[in-house]
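Dear colleague,

Please find the structure below for your records. My notes on its salt bridges and on some individual residues follow it.

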Amino acid sequence: MIILIDSGNSRLKVGWLDASNPDMPREPAAVAFDGLDLDALDRWLAALPRRPVRAVGVNVAGEARGAAISAILQKHGCAVTWSPSQASTLGLVNNYRVPTQLGADRWASLLGVLSRLPGAHPPFLLASFGTATTIDTVGPDNVFAGGLILPGPAMMRTSLAHGTANLPIADGQVVAYPVDTHEAIASGIAAAQAGAVVRQWLAGRQRYGQTPQIYAAGGGWPEVHQEIERLLADAGGAFGAAPVPVYLDHPVLDGLAAVARATLDANA
């Protein structure tokens, strides 16, 4: 059994693959915990039917969190290898000026999307709505072109409440013309997230001369998806087709699973 670790700022996602199964599924089974509740990871490992042999993971929640996770895994006889961003992994090429500066979770997520696609594919965007929102583009040549980072929906909401004297933690509907403060904040957040996605979709279409596919992930997606889909339909209509984002449950774990499988194949 191989453990897959996605340690984010808010949540800890854990997956596993059964390396002894010749028909090992392409998608890992997965569970999620509060990122601060590492005791839950300890209990989960203790309840596994078999002791894991090793772990592969990414950690963007700081060195202390990574060390704590490593210690828990070691307690259960399982060493972890943290998977960094690289210049090239499994055919995906990193166009960052300094490849290792790209967030390891972003890199693994792109590998996860790529693992689902055939050898020939159109360009794609991956928009992940977590603590931060990231919108990354990969071309049909499997080159990561670059991407955006902006505050995620929850961070936008709390920053307005904490950075101003009179604005609340908003709980309103997303509407075209807000007429109260809660609606105004909710609609502004959704508009900002949607605008960033459409910007990158249009940039990808111009760069590659074809319509990029769009994939989405992250806990903030339910809050913003209607506005994103509406704005994409408006923008896509000008080109005769409205792109429909495909939601992925755990692209980081999918990418780590692809790395783990490749390692197993290389050692076979």
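A salt bridge is counted here when a side-chain nitrogen of Lys or Arg lies within 4 Å of a carboxyl oxygen of Asp or Glu. The model is a predicted one, in which local features need pLDDT of at least 70 and side-chain atom pairs count only at pLDDT 80 or more, while totals for chains, interfaces and linings use all residues. Residues are numbered from 1 along each chain as its sequence is written, and side-chain values use heavy atoms, with hydrogens and water left out.

Salt bridges

Side chains of opposite charge can pair when their charged atoms come close. Searching the whole structure gives 8 salt bridges. One of them joins the side chains of Asp 136 and Arg 106, at 2.5 Å from N to O. This pair links distant parts of the chain, since Asp 136 belongs to strand β9 (residues 132-138) and Arg 106 to helix α3 (residues 104-114), 30 residues apart. Helices (H or I, at least four residues) and strands (E, at least two) are DSSP runs, numbered from the N terminus. Asp 136 is buried, at 2% relative accessible area, and Arg 106 is likewise buried, at 6%. For these terms, buried means under 20% relative accessible area, exposed over 50%, and partly exposed in between (1.4 Å probe, protein chains only).

A further salt bridge brings together the side chains of Arg 157 and Glu 223, with an N to O distance of 2.1 Å. Here too distant parts of the chain are linked: Arg 157 is in helix α4 (residues 153-163) and Glu 223 in helix α6 (residues 221-237), 66 residues apart. Arg 157 counts as buried at 15% relative accessibility, whereas Glu 223 is partly exposed at 32%.

Within helix α6, Arg 230 and Glu 227 lie 3 residues apart, about one turn of the helix. Their salt bridge has its closest N and O atoms 2.9 Å apart. Arg 230 is partly exposed at 40%, and Glu 227 is buried at 16%. Glu 227, Arg 230 and Asp 234 are linked in a network of salt bridges.

Other residues

His 250 sits in the loop between β12 (246-247) and α7 (251-267). The residue is buried, with a relative accessible area of 13%. Leaving aside residues up to four places away in sequence, His 250 touches Lys 13, Pro 28 and Ala 30, where contact means heavy atoms within 4.5 Å.

Ala 71, in helix α2 (residues 63-75), is partly exposed at 48%.

With kind regards
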